[in-house]
Structures are given as C-alpha cells and as structure tokens.
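These are my notebook entries on one structure. I looked up a few places and wrote down what was there.

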Amino acid sequence: EVLIRMRLVKFRGGRMSLAFEYADAKAPERFVAVGSQEVHCKARAGDGWVPAPFPAPLILALKQFADTP
C-alpha cells in the first residue's frame with residue numbers, strides 16, 4: 001500500500017502547482033517517490049482557448065492543501 005500526500009505549492013489566477021509525496025503506508029516516514037504537476041485552467045473562446053480563473057468551489061477545496069494559509 002502507498003500513502004499519497006498532496007500539497008498546493010503555488011496558486012496564481014488560472015495556474016497551480018501541486019507536489020506529491022508517495023510513502024510506504026506501513027512506514028510513512030519512508031518515501032518511495034515524489035512528483036509534481038502544474039495545472040492550468042482554460043476557457044473556450046471561439047476556436048481557441050484562453051486562460052481562466054479556477055472555479056470558486058475548487059479554490060475553497062484546495063485551501064486545506066496549501067503550504068501557507
């Protein structure tokens with residue numbers, strides 16, 4: 001089994017950076033992998049895409065994972 005910890009590292013407008021730590025569930029202090037992901041929010045505009053803010057409910061849900069309040 002693996003324990004996954006997610007942190008919201010950076011949040012700005014329609015972009016966020018998430019960090020992940022994967023640990024052994026039986027020994028949570030022992031990391032088996034780390035990772036990161038950058039997520040962008042876009043909205044359709046005609047034939048293309050433009051940057052857009054994240055929906056308010058998503059922002060509220062992610063606050064609990066933020067590095068800083």
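Is D24 buried or exposed? I looked it up: D24 has 18% relative accessibility, so D24 counts as buried. The cut-offs are under 20% relative accessible area for buried and over 50% for exposed, with partly exposed in between, using a 1.4 Å probe and protein chains only.

Before going on, I noted that this is a predicted model, in which local features need pLDDT of at least 70 and side-chain atom pairs count only at pLDDT 80 or more, while totals for chains, interfaces and linings use all residues. Residues are numbered from 1 along each chain as its sequence is written, and side-chain values use heavy atoms, with hydrogens and water left out.

**Entry: around D24**

I found D24 in strand 2. Strands are DSSP runs of E with at least two residues, helices are runs of H or I with at least four, and both are numbered from the N terminus. Leaving aside neighbours within four places in sequence, I listed E1, R30 and V32 as the contacts of D24; contact means heavy atoms within 4.5 Å. A polar atom of the D24 side chain also lies 2.8 Å from the backbone nitrogen of K26.

**Entry: salt bridges**

How many salt bridges does the structure hold? I noted 2. The term means a side-chain nitrogen of Lys or Arg within 4 Å of a carboxyl oxygen of Asp or Glu. Side chains of opposite charge can pair when their charged atoms come close.

One of them joins R30 to D24, with the closest N and O atoms 2.7 Å apart. R30 is partly exposed, at a relative accessible area of 44%.

R15 forms a salt bridge with E38, and here the closest N and O atoms are 3.8 Å apart. R15 belongs to strand 2 and E38 to strand 3, so this pair ties together parts that are 23 residues apart in sequence. I checked accessibility too: R15 is partly exposed at 48%, and E38 is partly exposed at 44%.

I traced an open sheet of 3 strands in the order 1-2-3, with antiparallel pairing. Two strands pair if DSSP finds at least two bridges between them.

Strand 2 (residues 15-24) and strand 3 run antiparallel and are joined by 10 bridges. In this pairing R15 stands opposite H40 of strand 3.

**Entry: the hairpin**

Strand 4 (residues 42-45) and strand 5 (residues 48-51) run antiparallel, joined by 4 bridges. I looked up R44 and found W49 as its bridge partner in strand 5. The hairpin of these strands has 2 residues between them, and G46 takes a positive phi near 65 degrees.

**Entry: the core**

Which residues make up the largest nonpolar core? I counted 8: L8, M16, L18, F20, C41, A52, F54 and L62. Such a core is a set of buried Ala, Val, Leu, Ile, Met, Phe, Trp, Tyr and Cys residues joined through side-chain atoms within 4.5 Å. Its largest share, 3 residues, comes from strand 2. Leaving aside neighbours within four places in sequence, L62 is in contact with M6, L8 and M16.

**Entry: Q64**

I ended at Q64, in the segment after helix 1 (56-62). Q64 counts as exposed, at 64% relative accessibility. The C-alpha atoms of Q64 and R7 are separated by 8.7 Å, although the two residues are 57 residues apart along the chain.

How values were computed: Polar contact = N/O pair within 3.5 Å; in protein donor to acceptor, adjacent residues only side chain to side chain.
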